[in-house]
Amino acid sequence: MTDASRRQCLREILKSFITDPEGFTPEHAAAGLHSIMRGEASDSQMGGFLTALRLRGVDKRPEMIAALAGEMASNALTPAWATDAKARAELGMVVDI
C-alpha cells in the first residue's frame with residue numbers, strides 16, 4: 001500500500017465504499033483500518049466503516065480479511081520479554097485478545 005492511500009481519510013474511503021462497493025479493494029479496507037488504528041477517525045466514522053464492512057459482506061471475502069489482518073499485524077506491539085534470546089525465539093508470536 002502506498003503512503004498516499006494510507007493518508008486517504010476514512011471519510012473518503014467510507015464514501016467510496018458506499019457509492020461504489022464493487023470498486024472497494026483490499027487496499028481500501030486496510031487504509032480504513034489504518035486510519036482507525038492510528039486514532040484518526042471519529043467514533044461515528046469507525047462505526048460506519050465497520051457496519052458497512054459487515055453489511056456489504058466483506059467479512060466473507062478472504063482477500064479483505066487478509067488485508068485487514070495484515071494491517072492489524074503491522075500495528076501490533078511486540079511485548080518485551082524478560083527471557084534470553086534463545087527462549088524468545090522459541091516463543092514465537094504472542095497475541096493477547
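Mentor: Let us begin with what counts as an element: helices are DSSP runs of H or I with at least four residues, and strands are runs of E with at least two, numbered from the N terminus. On that basis the protein chain has six helices and zero strands, and along the sequence its pattern reads α-α-α-α-α-α. Keep in mind that this is a predicted model.

Trainee: Why is S35 called buried?

Mentor: Buried means under 20% relative accessible area, and S35 has a relative accessibility of 2%, so it counts as buried. S35 is found in helix 3, and, if neighbours within four places in sequence are left aside, its contacts are with L10, E40 and A41. For the protein chain as a whole, buried residues make up 25% of the 97 residues.

Trainee: What makes the buried residues of helix 2 line one face of the helix?

Mentor: The buried residues of helix 2, which covers residues 10-19, are L10, I13, L14 and F17. Seen down the axis of helix 2, these buried residues fall within an arc of 95°, so they line one face. The face turned away from that buried side carries the exposed residues R11, K15 and T19, exposed being defined as over 50% relative accessible area. What covers the buried residues of helix 2 includes helix 3 (26-37) and helix 4 (43-55).

Trainee: How do you know that the span of helix 5 is close to what is expected?

Mentor: The expected span is 1.5 Å times one less than the number of residues, and for helix 5 (residues 62-74), with its 13 residues, that expectation is 18 Å, while the helix reaches 18 Å from its first C-alpha to its last. The buried residues of helix 5 are M64, A67, L68 and E71. Viewed down the axis of helix 5, they fall within an arc of 95°, so they too line one face of the helix.

Trainee: Why are helix 3 and helix 5 called roughly parallel?

Mentor: Helix 3 and helix 5 pack at an angle of about 30°, with their axes 8 Å apart. Angles under 35 degrees count as roughly parallel, and the two helices are therefore described in that way. Their crossing is right-handed, and the contact is made by P26, A29, A30, L33, H34 and M37 of helix 3 together with E63, M64, A67, L68, E71 and M72 of helix 5.

How values were computed: Residues are numbered from 1 along each chain as its sequence is written. This is a predicted model: local features need pLDDT of at least 70, side-chain atom pairs count only at pLDDT 80 or more; totals for chains, interfaces and linings use all residues. Side-chain values use heavy atoms; hydrogens and water are left out. Buried means under 20% relative accessible area, exposed over 50%, partly exposed in between (1.4 Å probe, protein chains only). The arc is that of the directions from the helix axis to the C-beta atoms. Contact means heavy atoms within 4.5 Å. Axes are lines fitted to C-alpha atoms, for helices over the stretch in contact, and angles run from 0 to 180 degrees between N-to-C directions. Angles under 35 degrees count as roughly parallel, over 145 as roughly antiparallel, 65 to 115 as roughly perpendicular and the rest as oblique. A crossing is left-handed if the near helix is turned anticlockwise from the far one by less than a right angle, and right-handed if clockwise.
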